[in-house]
Amino acid sequence: MAAEKPHMNLAVIGHIDHGKSTTVGRLLFETGSVAQHVIDGYKKEAESKGKGSFEFAWVMDSLKEERERGITIDIAHKRFDTAKFYFTVVDCPGHRDFVKNMITGASQADAAVLVVAAPDGPMEQTKEHVFLARTLGINQLIIAVNKMDVVKYDQKRFEEVKKQLSDLIKMVGFKPDETIFIPMSSFTGVNVSKKSPETPWYTGLTLLEALDTLKEPEKPTDKPLRLPIQDVYTISGIGTVPVGRIETGILKKGMKVSFMPANKEGEVKSIEMHHEEHNQALPGDNVGFNVRGIAKNDIRRGDVCGPVDVPPTVAEEFTAQVVVLQHPSVLSVGYTPVFHCHTAQVACTFTELQKKLDPRSGQVKEENPAFLKAGDAAIVKIVPTRPLVIEKAKELPQLGRFAVRDMGSTIAAGIVLDIKAKQMR
């Protein structure tokens with residue numbers, strides 16, 4: 001087998017109805033990941049339901065109830081290949097659950113394609129998604145100005161939308177002059193995989209070419225091992241097998257590891273990926289591994305495995321920078337929603353609101369605010385109601401990000417600035 005191409009996780013983000021699913025469906029089709037007959041089948045079904053233009057979107061929405069409603073609900077993982085990379089698409093729904101999925105999904109995105117419909121230009125969720133992408137550490141962005149067919153491939157409209165978007169992304173620290181803007185139509189296939197005569201005025205890259213300009217993410221192998229546990233199995237003849245994705249560091253056979261906050265130690269006897277045994281595994285690898293000295297009930301989902309000499313940090317309290325995305329009223333001291341961080345879900349209490357920030361510049365707007373509302377960014381102090389492994393974002397960003405959920409929706413997202421660690425020994 002030829003050496004595997006470098007892997008990238010790609011988030012497709014943007015306002016609802018701006019054509020994200022159609023874009024993903026078109027990418028999968030143009031790269032041969034979905035066959036013509038599958039598309040034809042979807043097309044027939046779409047037409048029978050009076051949704052003729054949805055066939056590409058339906059490639060992603062294989063769930064029947066979604067089709068009935070014509071919107072994307074779940075997050076779907078699909079693979080496609082370009083000349084340089086193989087991509088896993090994290091299709092991010094247009095509505096708010098995408099936030100949780102993007103932070104705690106099995107794959108945190110390495111880059112994002114922001115889809116903006118030319119007739120509408122940037123909308124509320126466009127802003128929110130750009131802001132979040134930045135907060136979550138995505139620093140590579142490609143912008144697809146979609147539905148150009150609707151505005152008759154008008155160059156003037158493309159330039160207007162490009163200008164609005166340039167102003168928007170500049171606010172959060174992306175550089176417009178280093179960002180690729182593509183006038184395209186996912187529905188008609190314009191500028192997705194090949195240049196189109198519809199836009200003779202555009203001399204830039206197609207979407208597929210633009211994807212190959214992305215930089216491969218560095219594998220943080222020099223950092224200490226951090227492996228959040230997704231599940232724990234007992235396999236007869238082998239024993240206890242925790243399963244998870246390595247975020248940082250290297251997992252090696254024979255290594256002495258500790259699980260936090262369970263506070264258990266053991267030795268790695270074997271490592272398995274895709275039903276093959278390996279001597280070691282790297283960041284991004286999904287592994288099952290057998291540990292001597294650990295029983296099934298010793299550890300659970302949400303625990304994190306690390307080396308015995310640099311165990312994962314269990315927070316007694318932590319300071320974080322948060323962005324409030326939505327809240328029906330206001331958020332004040334004492335509020336205790338559920339924090340989703342890597343595979344853990346733990347209720348945590350806001351114990352101090354230290355500073356309110358200007359989300360655009362990061363400058364302090366107000367010291368010790370009484371409350372926070374939707375749209376506010378702030379530095380806060382948090383106390384978990386039970387032991388939680390979390391790390392400083394600047395040291396181990398993969399474990400330093402979280403989403404805050406309450407009443408079935410994502411209230412806020414944030415990153416960890418500082419931690420007061422709990423002594424576990």
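This is a predicted model: local features need pLDDT of at least 70, side-chain atom pairs count only at pLDDT 80 or more; totals for chains, interfaces and linings use all residues.
**Helix H7**

I began with H7, which runs over residues 155–171 and has 17 residues. From first C-alpha to last I get 25 Å, close to the 24 Å expected at 1.5 Å a residue. At its N-terminal end I found a cap: a side-chain oxygen of Asp154 sits 3.2 Å from the backbone nitrogen of Lys156. Past the other end, just after H7, Gly173 has a positive phi of about 100 degrees.

Which residues of H7 are buried? I listed Arg157, Phe158, Val161, Leu165, Ser166, Leu168 and Ile169. I kept the helix repeat in mind here: with 3.6 residues a turn, residues three or four places apart point the same way.

**The cores**

Next I looked up the largest nonpolar core, which has 30 residues. Leu114, Ile143, Val145 and Leu165 have the most contacts inside it. Strands E1, E4 and E5 and helices H6 and H7 each supply at least two of its residues. H7 gives the largest share of this core, five residues.

I then followed Leu114 to its neighbours beyond four places in sequence. Among them are Ile13, Thr126, Val130, Ile143 and Leu165. Apart from this core I noted another, of 26 residues, including Phe339, Leu353, Ile382 and Ile411.

**Cysteines**

How many disulfides are there? I count zero. For Cys348, the nearest cysteine sulfur belongs to Cys341 and is 8.9 Å away, whereas a disulfide needs the sulfur atoms within 2.5 Å. I also checked burial: Cys348 is buried at 0% relative accessibility, and Cys305 is buried with a relative accessible area of 0%.

Definitions and conventions. Residues are numbered from 1 along each chain as its sequence is written. Side-chain values use heavy atoms; hydrogens and water are left out. Helices (H or I, at least four residues) and strands (E, at least two) are DSSP runs, numbered from the N terminus. The expected span of a helix is 1.5 Å times one less than its number of residues. Buried means under 20% relative accessible area, exposed over 50%, partly exposed in between (1.4 Å probe, protein chains only). A polar contact is a pair of N or O atoms within 3.5 Å; within protein, one must be able to donate a hydrogen and the other to accept it, and residues adjacent in sequence count only if both atoms are side-chain atoms. A nonpolar core is a set of buried Ala, Val, Leu, Ile, Met, Phe, Trp, Tyr and Cys residues joined through side-chain atoms within 4.5 Å. Contact means heavy atoms within 4.5 Å.
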